[in-house]
Amino acid sequence: MIATLQGHKDLVQSIAWSPDGNRIAAGGYRTVLVWNARTGGLAETLGAPLEGRVSALAFLPDGRTLAVADGAQGQRGQIHLWPVGAAKPAATLAAHADNILCMALSHDGKLLATGGADHVAKIWNIAQRRQIAKLEGHTNHVLGIAFNKDDTWLATGGADKE
């Protein structure tokens, strides 16, 4: 172990590294903490309007925007596009009917895929901030999601063992 980052009062639900490796973000209950990875110092805290556990995080390729998934359990899953250093998200997308459990960025950074407790996977155009695909077929929570190397395929894994 090379460092211990302090600050969360609850369980850490999600972690993401910035593309340049200079920041690490961790999501808990209604909070995202962002640390300077080199010094271990807390750089910022993201809070309101987060309303539930932060279940997935991803830095966009620009390294200046963090995609944050949260929501009231059993009610909805939201994606916040949050510029690092800003007091509030630049945009909030009503994404799923239940919590978002996984998130993946395409390699070119143009698409965001999400999987949720509502048994659905979705693909989002980040620049347009809109859903471009809804993928159904799981009979239980979507727990993992990933693009292949050239972003032509999307794989999902669920609690239904599919």
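Guide: The largest cavity has a volume of about 30 Å³, volume being the space filled by probe spheres set on grid points joined across faces, edges and corners. On a 1 Å grid over the protein atoms alone, a cavity is a set of points where a 1.4 Å probe fits but cannot get out; a pocket is an open set with protein on both sides within 12 Å along at least five of seven lines; lining residues have an atom within 4 Å of a point. This is a predicted model: local features need pLDDT of at least 70, side-chain atom pairs count only at pLDDT 80 or more, and totals for chains, interfaces and linings use all residues. Residues are numbered from 1 along each chain as its sequence is written, and side-chain values use heavy atoms, without hydrogens and water.

Visitor: Which residues line the largest cavity?

Guide: I79, L81, L93, L112, W124, N125, I126 and R129. The strands (DSSP E runs of at least two residues, numbered from the N terminus) β7 (77–83) and β11 (121–125) each supply at least two of the lining residues.

Visitor: And the largest pocket, what is its volume?

Guide: About 160 Å³. Its lining includes W17, I24 and R38.

Visitor: Where is R38 found?

Guide: R38 is in the loop between β3 (32–36) and β4 (42–46).

Visitor: Is R38 buried or exposed?

Guide: R38 counts as exposed because its relative accessibility is 69%; buried means under 20% relative accessible area, exposed over 50%, partly exposed in between (1.4 Å probe, protein chains only).

Visitor: How far apart are R38 and R23?

Guide: They are 15 residues apart in sequence and 7.9 Å apart in space, C-alpha to C-alpha.

How values were computed:
Helix = DSSP H or I, 4+ residues; strand = E, 2+ residues; numbered from the N terminus.
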